[in-house]
Amino acid sequence: MLEILACPFPATLQDTGRPGYRHLGVPLSGALDPTWLALANALAGNPPDAAAIEMRLAGPRLKSDADALFAIAGEVDARIVGEAGTRAVAPWRSHRLHAGEELHLDAVRSGVAYLAFAGGIEGRRELGSRSRYERADLGSPFGRGLTLKVGAGSPCVPGTPLRGRATAIPRRLGILPARADGPLRVIPGPQRERFSDAAWQSFLESEFVVGRDTDRMGLRLDGPRLEHVGGADIVSDAVTPGAIQVPGDGRPIVLLADCQTVGGYTKIATVIGADLPRLGHALPGTRLRFAAVTLDGSTCGTTGSRAGAGGQPRHRRAGYGRTRPRRPLWRQPDRRSHRCHALT
Amino acid sequence: MKLLELGDGALTLEFGERIDPDANANVMAARDALRALNLDGITDIVPTWRSLTVHFDPLRLPHDRVRRALLQAASEESALATRRSVAPIILPVCFGGEFGPDLADVAAATGRSEGELIAALCAVDLQVALIGFLPGFPYLGGLPDWLDLPRRATPRTAVPANSFAIAGGQAAIYPWQSPGGWHLLGRTPLTLFDPANPQRPARFAPGDVLRIEAISPDEFTVLRERLRHA
């Protein structure tokens with residue numbers, strides 16, 4: 001068992017989310033950065049969709065009553081405190097926590113970070129997922145004084161010998177795609193025509209700053225006001241993580257994993273799936289820009305080959321090399337392999 | 001009809017821009033036809049009053065394929081083939097008193113007695129047009145035309161769970177306690193959302209038809225107890 005001794009900032013248990021219930025109003029939820037969740041799990045010897053602790057700003061303090069193997073994906077100041085003294089814990093590799101020792105996770109320097117334990121964490125599994133969704137009390141809560149059970153077959157279970165050697169991965173793997181700079185790629189939204197051309201240009205040419213009221217449901221952005229044509233409200237239709245809603249005040253809201261399933265504001269654009277994890281790392285004050293791409297069905301599949309007139313699509317030529325498609329590093333769909341054409 | 005891109009993992013087929021029962025009937029028919037195609041890679045099919053959105057994994061299912069499937073599902077023949085009459089589900093509601101604090105105001109605003117208002121609500125079929133806002137929160141269409149009131153000027157900070165409410169020509173039932181600006185007419189003893197039942201976590205699904213049965217406070221208590229032990 002893991003005891004949560006302290007939890008100064010919101011941390012939640014997350015896996016890859018709860019698809020299949022959005023028609024019943026149940027949000028997708030799941031890790032803000034599924035890539036890093038998968039990396040933390042890989043280091044702990046888990047499948048990529050095992051539940052782990054998602055942390056922002058600062059992590060919790062935990063105590064284990066049995067030996068455990070764990071790993072952190074993300075830049076976190078962490079140490080193990082025990083009778084034998086204190087030792088620093090580096091991210092991007094696995095470590096052993098011995099029975100009775102405390103794991104102290106302090107500042108999270110990477111926007112978001114994941115803490116995985118070998119065997120996974122056995123929170124409440126509801127509608128196919130252990131992801132926590134606060135408003136409907138789905139999944140187990142996480143907070144001071146609560147305890148978490150580490151999954152069966154893990155070194156945490158008494159009598160099970162510690163298995164698996166401590167493993168590490170090159171730190172640079174953790175850089176992708178979260179640290180990629182360059183604009184976030186967006187597809188013009190379902191209500192693009194509800195904005196003036198001036199507002200659209202302003203959206204693509206301006207820098208936006210992530211505002212204070214930001215949580216797992218969405219990021220509010222400060223920047224130029226985006227002007228509507230014919231009002232900001234629509235009869236609600238479906239939304240999705242990455243959709244950028246613009247209410248009547250002209251301030252965009254980028255939806256994240258815990259967003260509702262439908263919404264009544266105009267959507268100017270939608271961030272593509274490949275760039276979605278980067279939004280999960282954005283903290284208040286983070287500066288964001290957007291670049292429009294089209295998604296032509298004939299060229300954006302996995303086998304599409306028609307490049308732009310100039311050979312390479314413009315957004316590749318423009319030097320966003322770090323967001324270029326790569327071979328998958330782990331067994332998980334790699335959405336970055338999409339071919340998307342820059343809009344002129 | 002308009003086909004709209006909602007990012008690279010979702011497509012929306014828009015049947016109209018307003019709240020329209022005819023558009024919603026077409027949405028439900030298209031949803032049923034799309035479900036029947038049983039495409040691998042679709043994760044969610046979300047109907048609303050006026051649109052149908054398909055969430056899918058673009059690596060498993062190319063965009064073009066989804067586009068074609070949506071248009072096919074919305075075509076006249078598919079829609080007709082899957083259009084069906086739905087038997088109404090009984091929705092027990094205890095009106096007025098502490099369960100429906102706005103009943104008297106709504107009756108007065110519409111120039112009816114409370115009894116006439118309740119009788120009118122029990123006489124219509126209510127269609128579940130969509131579920132949203134909260135898990136299991138149904139938006140219901142089919143109210144009499146004269147029952148179209150704006151929201152309350154001051155929203156309540158806490159609407160009790162299971163409240164039956166109306167506003168903007170629609171009715172709804174709150175599965176959870178939450179803030180809300182709708183007029184509260186009554187309360188149902190039914191549990192609206194139960195995550196322990198993955199086959200049907202929400203009591204109602206889009207496309208269902210409900211018929212209200214007015215119950216007394218005593219019946220409310222009995223039903224609630226019975227459901228609690230069921």
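Helices and strands here are DSSP runs, numbered from the N terminus. The model is predicted.

Start with chain A. This chain has four helices and 21 strands. Of its 344 residues, 56% are buried.

Two loop residues of chain A deserve a look at their backbone. A:S29 sits in the loop that runs between β2 (11–14) and α1 (34–43) of chain A. Its phi is near 55 degrees, a positive value in a residue other than glycine. A:S29 counts as buried because its relative accessibility is 4%, where the cut-off is under 20%. A:W92 also has a positive phi, about 65 degrees, and is not a glycine. Look for A:W92 in the loop between β7 (85–89) and β8 (94–97) of chain A. With a relative accessible area of 2%, A:W92 is buried.

Now move to A:L221. This residue is found in strand β14 (residues 218–222) of chain A. A:L221 has a relative accessible area of 0%, so it is buried. What surrounds A:L221, leaving aside its neighbours within four places in sequence? The contacts are A:F208, A:V209, A:V210, A:G211, A:R251, A:P252, A:V254, A:L288 and A:F290.

Next come the nonpolar cores. The largest has 54 residues. Within this core, B:L91, B:F95, B:L121 and B:F164 touch the most other members. Strand β6 (residues 126–131) of chain B gives the largest share, five residues. B:L121 shows how such a residue is placed. Beyond its neighbours within four places in sequence, B:L121 is in contact with B:F95, B:L143, B:L147, B:F164, B:L185 and B:I212. There is also a second, separate core of 37 residues, which includes A:A44, A:W92, A:L221 and A:L288.

Turn to the place where the chains meet. Here 47 residues of chain B are in contact with 45 residues of chain A. The size of an interface is often given as the accessible area lost when the parts come together. For chain B and chain A, the buried area is about 3500 Å², with 62% of it on carbon and sulfur atoms. B:L6, B:D8 and B:L59 supply 18% of the area that chain B buries against chain A, more than any other three residues.

Polar links cross this interface too. Nine residue pairs, both members at pLDDT 80 or more, are in polar contact between chain B and chain A. The elements of chain B that give two or more residues to its side are β1 (2–5), β2 (10–14), β3 (42–47), β4 (51–56), α2 (63–74) and β6. Of these, β3(B) gives the most, with five residues. By class, this side of chain B holds 24 nonpolar, eleven polar and twelve charged residues. The rule finds three salt bridges across the interface. A:D237 forms a salt bridge with B:R50, with the closest N and O atoms 3.6 Å apart.

Finish at B:T48. This residue lies in the loop between β3 and β4 of chain B. Is B:T48 buried or exposed? B:T48 is buried, because its relative accessible area is 0%. Leaving aside neighbours within four places in sequence, its contacts in chain A are A:S236, A:D237, A:A238 and A:V262. In chain B, B:T48 is in contact with B:N24, B:V27, B:A129 and B:L130.

Definitions and conventions:
Residues are numbered from 1 along each chain as its sequence is written. Chains are lettered from A and ligands numbered from 1 in the order in which they are written. This is a predicted model: local features need pLDDT of at least 70, side-chain atom pairs count only at pLDDT 80 or more; totals for chains, interfaces and linings use all residues. Side-chain values use heavy atoms; hydrogens and water are left out. A nonpolar core is a set of buried Ala, Val, Leu, Ile, Met, Phe, Trp, Tyr and Cys residues joined through side-chain atoms within 4.5 Å. Buried means under 20% relative accessible area, exposed over 50%, partly exposed in between (1.4 Å probe, protein chains only). Contact means heavy atoms within 4.5 Å. Buried area is the accessible area (1.4 Å probe) that two parts lose on being put together, summed over both. A salt bridge is a side-chain nitrogen of Lys or Arg within 4 Å of a carboxyl oxygen of Asp or Glu. A polar contact is a pair of N or O atoms within 3.5 Å; within protein, one must be able to donate a hydrogen and the other to accept it, and residues adjacent in sequence count only if both atoms are side-chain atoms. Ala, Val, Leu, Ile, Met, Phe, Trp, Tyr, Cys and Pro count as nonpolar, Asp, Glu, Lys and Arg as charged, and the others, Gly among them, as polar.
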